[in-house]
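The sequence and the model come first, and the notes follow by topic.

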Amino acid sequence: MNARIENASRRNFLQGAASLTLALYLPGAVASAANAATASAAAPFEPNAFLRIGADGTVTVISKHLEMGQGTYTGLATLVAEELDAAWAQVRIEGAPADAKRYNNLQWGPVQGTGGSTAMANSWDQLRQAGASARAMLVAAAAQQWQVPADSITVSEGVVTHAPSQRKATFGQLAQAAAALPVPASVQLKDPKDFKLIGKRAPRKDTAAKIRGQARFTQDVHLPGMLTAVVAHPPRFGGKVKSFDAKAALAVKGVVNVAAIPSGVAVLAKDTWSAKKGRDALQVEWDDTNAFKLGTDDIFARYHELAKSPGAVARKEGDANAAFAAPARVLRAAYDFPYLAHAAMEPMNCVVHLQKDRCDIWNGEQFQTIDQAKVAGLLGLKPEQVNLNMLYAGGSFGRRASKDADYILEAVQVAKAIDGKAPVKLVWLREDDMKAGYYRPAFHHALEAALDAQGKLIGWRHRLVGQSILANTAFAGMIKDGIDFVSVEGAANLPYAIPNMLVDLHSPQDIGVPVLWWRSVGSTHTAYSTETFIDEVAAAAGQDPVAFRLALLEHHPRHAAVLKLAAEKAGWGTPLAKGANGERRARGVAVHESFKTYVAQVAEVTVKLDGSVVVDRIVCAVDCGIAINPDNVRSQIEGGVGFALSAALQGAITLKDGVVEQSNFHDYAPLRINQMPKVDVHIMPSAEKPTGVGEPGVPPVAPAVANAIAAATGKYLRNLPFSTDALKA
Amino acid sequence: MTYQLNINGAAHKADVEGETPLLWVLRDTLGLTGTKYGCGAGACGACTVHIDGNVVRSCVMPVSAVGKGKVRTIEALSPDRKHALQQAWIAEQVPQCGYCQSGMLMAAAALLKSTPKPTDAQIDAAMTNLCRCGTYPRVRRAIKRAAGMKAEDAA
């Protein structure tokens with residue numbers, strides 16, 4: 001069956017179609033959707049880069065952001081459809097091609113990319129204007145045809161109506177005429193009280209495909225003559241190939257080639273299983289001369305040593321050292337956070353078709369123009385000769401926003417190694433994905449609090465030690481005065497009113513483990529240390545954890561409001577049902593802002609006699625400004641809870657002599673359904689501009705649970721993941 | 001060697017080594033890509049299919065062991081794609097990234113066949129599939145909805 005990939009970027013695709021006919025495995029419904037898209041393109045009305053209306057009335061919204069599960073496609077389409085007054089059913093979504101001029105992330109400058117929970121926030125005005133502009137042109141076209149004033153025309157559910165003369169037209173009927181009209185210089189956006197889709201329940205546009213096995217992921221791409229590559233990687237970061245013997249690999253049926261590439265040795269075969277068997281048979285000798293050989297125990301020992309000396313100052317208020325000179329009471333706590341793998345369900349992969357003057361890539365593209373530039377640089381092409389097709393990503397959590405384009409460049413290297421003789425699908429097996437690095441960096445935190453005789457918190461010192469994500473990358477320019485802000489976010493901007501504060505940071509540069517942003521980035525560790533430590537301080541001051549925080553949040557009303565809401569909804573201060581047979585139960589609370597979204601959570605926890613922890617319920621209060629799609633907000637917060645609990649209860653990547661010890665889901669186990677708590681999500685009504693929800697549900701989870709465990713057992717857990725040994729009754 | 005397979009009610013031939021997991025025969029040989037690769041170790045369930053109505057993790061099922069078993073994949077969960085679970089999945093807006101959902105649905109379909117009104121404990125025992133996006137609360141609700149139960153039933 002010949003058809004185009006449904007969720008590929010169509011326009012670039014058409015440009016390349018003459019030289020590249022794709023035989024894709026496409027079930028009927030997707031093929032017909034692709035055909036419909038072609039039909040709707042016959043007489044398109046394309047008023048701007050973000051939408052197109054076909055003669056059949058189909059409204060195609062062009063998404064500049066990656067859909068990796070977070071609901072972006074649906075959210076962006078909602079913004080356009082709202083101002084266009086389209087019927088939700090006539091809207092479809094298509095991924096944009098890489099183009100920093102038209103499709104840049106407005107919060108990132110001249111870069112197209114998805115991350116930092118910015119997709120809706122940066123598109124809020126842009127895509128509503130795109131929809132409103134198209135609507136104005138459709139109305140103008142109707143006014144011209146009917147010879148009536150434009151302001152006597154209404155639009156609703158995709159139908160343009162002139163009520164006095166009872167004339168109606170569909171978008172499709174007006175598309176051609178509208179296309180001939182000038183684009184309005186400015187448009188009036190709706191008053192929020194008139195919203196019909198924003199703030200309501202607009203069902204996701206990708207659900208139908210995803211419940212039928214029809215959504216297109218990179219893993220599902222199959223091009224004619226394509227080879228699948230599985231790569232043998234060095235066991236240690238920084239290792240190299242010394243020598244290899246391909247004989248046994250080439251003897252495997254289906255294997256057609258073995259090629260050395262900078263990151264290892266690639267086995268290319270006609271199918272995935274043959275490639276894997278070929279790699280199993282491959283003999284490689286590695287050169288570990290320059291490889292990183294420390295274990296995580298060694299790394300933490302070094303971090304603990306570093307924490308004894310002052311680091312680069314990230315925040316200074318008053319005179320913290322003076323506050324510690326003669327306080328009534330000092331509390332101290334130190335925390336260790338492990339490396340964490342993203343472990344998206346779809347392991348990293350990438351399809352490359354390399355030709356003489358162009359390179360086509362199919363990928364769950366998250367950093368479009370960064371990847372494009374890196375691929376172009378490697379191949380000696382111009383960026384516009386690198387054609388990126390954005391497919392659905394089977395999760396990312398930051399991993400596909402690779403600052404080094406690591407797996408994409410590896411796929412290109414494989415294609416290059418065979419001189420582009422065949423399209424190549426690079427497949428990382430789960431073990432490759434787990435061991436490849438680009439982890440949430442391991443961190444060590446040391447905190448100290450000084451209280452005066454009245455129990456008032458007068459001093460706060462917070463020292464962080466961990467690798468910088470931005471160092472030695474294209475983003476290194478964002479490091480100011482030795483501070484990589486993603487290392488200290490959540491710590492340097494601690495909202496509590498404390499007169500004397502010092503936050504400082506060590507960013508060791510000689511640890512050879514690649515690190516990367518991991519769903520909520522710095523807040524994955526800073527929320528934990530600050531929000532558990534503040535609970536310890538509240539206890540030392542003899543105060544209720546909610547009341548203690550509220551007293552320090554006078555200048556942060558949005559923090560305070562979500563904290564109050566979560567406490568109220570969770571029944572904070574009322575008795576919790578007792579556990580059976582000596583099981584200990586308690587509540588714990590945490591509040592944290594990340595990416596300008598404010599989340600408070602109250603965890604209800606049962607600690608069993610053997611020390612195991614059951615998280616029964618998490619009550620969440622979220623202030624993300626205007627909730628564009630409240631059901632999706634709930635969905636993202638629920639998911640954030642699951643993601644965070646995986647890490648808190650059982651997530652750790654460890655190294656021994658430089659070798660990653662985990663390989664698959666038996667030793668790096670994400671949460672399963674039997675461990676998932678009940679999650680109640682309460683959204684704060686707001687008229688503020690929308691902010692993101694993909695990440696902010698994560699940070700408060702672990703500290704809220706830890707605070708509940710402390711309330712139940714009297715034991716503060718300082719290291720993640722939680723050790724159940726410490727909690728035995 | 002050539003294996004004769006009954007997949008989604010149709011006869012298929014696959015000329016592969018007998019040890020090849022059914023997953024790769026479905027995906028790479030037959031182009032049925034709805035069934036996903038997640039771990040290759042039977043640990044995540046993204047590759048879940050039915051053989052004679054039973055849940056099988058196809059990534060650890062050698063094709064030689066399939067024999068005359070009737071294989072059913074997500075593509076044929078219901079002839080009109082309106083299985084009660086698919087409808088419930090829409091009503092509860094379950095999928096996020098969607099990669100694990102084929103396997104989730106196949107596991108849930110087998111559960112409801114054997115246990116039409118599952119308790120939470122029965123859902124926990126049957127639904128061992130991994131979802132990294134954390135759709136679990138919605139998976140649970142959707143299963144109950146498809147079973148005609150209220151979300152709070154059988155807690």
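**The nonpolar core of chain A**

The largest nonpolar core has 271 residues, and those that touch the most other members are A:Val80, A:Ala229, A:Val267, A:Ala566, A:Val705 and A:Ile709. Helix H5 of chain A, residues 119-146, gives the most to this core, with 14 residues. The model is a predicted one.

- In soluble globular proteins, nonpolar side chains tend to be buried together.
- A:Val267 is among the core residues that touch the most other members. Apart from neighbours within four places in sequence, A:Val267 is in contact with residues including A:Ala229, A:Val230, A:Ala249, A:Val255 and A:Val258.
- Also in contact with A:Val267 are A:Ala275, A:Gly278, A:Arg279 and A:Leu282.

**A residue of helix H5 in chain A**

- A:Ala140 is part of helix H5 of chain A.
- Is A:Ala140 buried or partly exposed? A:Ala140 is partly exposed, because 18 other C-beta atoms lie within 10 Å, whereas a buried residue has 20 or more.
- Once neighbours within four places in sequence are left aside, A:Ala140 is in contact with A:Ala150 and A:Leu181.
- A:Ala307 is 167 residues from A:Ala140 along the chain, and the C-alpha atoms of the two are separated by 66 Å.

**The contact between chains A and B**

- Chain B brings 47 residues to the contact, and chain A brings 49 residues.
- On the side of chain B that touches chain A, the elements giving two or more residues are helices H1 (22-29), H2 (84-91), H3 (101-114), H4 (120-126) and H5 (136-146) of chain B.
- H5(B) supplies the largest share of that side, 4 residues.
- By class, the side of chain B that touches chain A has 23 nonpolar, 16 polar and 8 charged residues.

**Two helices of chain B**

- H2(B) and H3(B) pack with their axes 10 Å apart, at an angle of about 125°.
- The crossing in which H2(B) passes H3(B) is right-handed.
- Which residues make the contact of H2(B) with H3(B)? From H2(B) they are B:Leu85, B:Gln86 and B:Trp89, and from H3(B) they are B:Leu105, B:Ala108 and B:Ala109.
- The contact of H2(B) with H3(B) consists of 5 nonpolar residues and 1 polar residue, with no charged residues.

Notes. Residues numbered from 1 in each chain as written. Chains lettered and ligands numbered in written order. Predicted model: local features only at pLDDT ≥ 70, side-chain atom pairs only at ≥ 80, totals over all residues. Contact = placed C-beta atoms within 7 Å. Nonpolar A, V, L, I, M, F, W, Y, C, P; charged D, E, K, R; others polar. Core = buried A, V, L, I, M, F, W, Y, C linked by C-beta atoms within 7 Å. Buried ≥ 20, exposed ≤ 12 C-beta atoms within 10 Å, placed from the backbone. Axes fitted to C-alpha atoms, helices over the stretch in contact; angles between N-to-C directions. Left-handed = near helix turned anticlockwise from the far one by under 90°.
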